[in-house]
Amino acid sequence: FESYKAITNPLVFYFKYQKAKKYYNKADYSEKYVYYPLHYQPEASTIVCAQKYEKQLYFIDSWAKSIPADTKLYVKEHYAILGHRDLSFYKELKKYPNVVLIDPWESSRKLMEHAQAVTTLTGTAGWEAMLLRKPVFIGGNIFFDNAPGVIKISDIYLNYLPEMDRWEKPDRDQTVKYLCEYFRTLHKGNVYAANPKSLEPDNIRNIVSALYEQMLILKGNK
């Protein structure tokens, strides 16, 4: 609850957002840039699934030191958590001449479409960019890290240009085939604990059934 106080208190939220606005910039789509949407913290998407880069400033620092001189790193805050992040984070970003904090109200889709590449730790922006067949750099463990066009990196430092040189744009058929294979592995059931429906009897039965099916498959593979 402590982490969400600033969001649940409209007055605190409003004043924190007003202070943060001066750090936001409009995107210049004529520039070359890599797009990085910030993750909410604390959250399992970074603490559990991207432990090396849980401190996002470290990830941003690695990118800032790896992209060429004619390329920027566009970092965008999520509009849903405006006012949550400490302003000291934004002040650190301003120290980098090639890092631009983008206005949260800019279109994420448009930012992806015009980007040289998209990078995320484990965010769904990577999934969306993969569907657009853009180069996607993943810094954590996520279900689509083996998708066509996705580059899973243990260290981006000085590896951006070599990886981009090796990257080949997947054709549409490759992407469709991957999606078909992925959807074949899905089971009924909602495992999102924050959703009250996840505790309904029918949903629990679906989850148990899916787990049992997987156990039988694993047993048969031994």
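Helices and strands are DSSP runs, numbered from the N terminus. On that basis, Leu158 falls in the loop between S6 and H8. The model is predicted. Leu158 has a positive phi of about 65 degrees, although it is not a glycine. At 51% relative accessibility, Leu158 counts as exposed, because the cut-off for exposed is over 50%.

The overall picture comes next. The protein chain holds ten helices and six strands. Its C-alpha atoms fill a box of roughly 55 × 50 × 30 Å along the principal axes. Of the 222 residues, 41% are buried. Contacts were also examined by separation along the chain. Among those with a separation of 6 or more, 66% join residues 24 or more positions apart. The protein chain exposes about 13400 Å². Carbon and sulfur atoms supply 56% of that area. There are 31 positive and 25 negative side chains. The centres of the two sets lie 3 Å apart.

Aromatic rings were then considered. A pair of aromatic rings is described by the distance of the centres and the angle of the planes. The count comes to 19 aromatic pairs. One of them joins Trp63 and Phe137. Their ring centres are 5.3 Å apart and their planes stand at 90 degrees, so this pair is edge-to-face. The pair links distant parts of the chain. Trp63 belongs to helix H4 (residues 56-64), and Phe137 to strand S5 (residues 136-138). The two residues are 74 residues apart. Both Trp63 and Phe137 are buried.

Phe137 also pairs with Tyr160. Here the ring centres are 5.7 Å apart and the planes meet at 45 degrees, so the pair is tilted. This pair, too, links distant parts of the chain, with Phe137 in strand S5 and Tyr160 in helix H8 (residues 160-166). Elsewhere, a charge meets a ring. The charged end of Arg85 sits over the ring of Phe89, 5.1 Å from its centre.

Helix H7 (residues 124-131) was examined for burial. Ala125, Gly126, Trp127, Ala129 and Met130 are buried in this helix. Their cover includes three helices and strands listed here by name: strand S1 (32-37), helix H6 (108-114) and strand S4 (117-120). The cover also includes S5, S6 and helix H9 (172-184). Arg133 follows H7 and is found in the loop between H7 and S5. Phi of Arg133 is near 60 degrees, a positive value in a residue other than glycine. Arg133 is partly exposed, with a relative accessible area of 27%.

Strand S6 (residues 150-152) includes Lys152. This lysine is partly exposed, at a relative accessible area of 43%. The C-alpha atoms of Lys152 and Gly139 are separated by 6.2 Å, although the two residues are 13 residues apart along the chain. Leaving aside residues up to four places away in sequence, Lys152 touches Ile138, Gly140, Asn141 and Asp145.

How values were computed
Residues numbered from 1 in each chain as written. Predicted model: local features only at pLDDT ≥ 70, side-chain atom pairs only at ≥ 80, totals over all residues. Heavy atoms only, no water. Helix = DSSP H or I, 4+ residues; strand = E, 2+ residues; numbered from the N terminus. Buried < 20%, exposed > 50% of the residue type's maximum accessible area, 1.4 Å probe, protein only. Contact = heavy atoms within 4.5 Å. Areas by Shrake-Rupley, 256 points an atom, 1.4 Å probe, with all protein chains shown as cover. Lys, Arg positive; Asp, Glu negative; His and termini not counted. Charge placed at Lys NZ, Arg CZ, Asp CG, Glu CD. Phe/Tyr/Trp six-rings, centres within 6.5 Å; stacked < 30°, edge-to-face > 60°. Lys NZ or Arg CZ within 6 Å of the ring centre and 35° of its normal.
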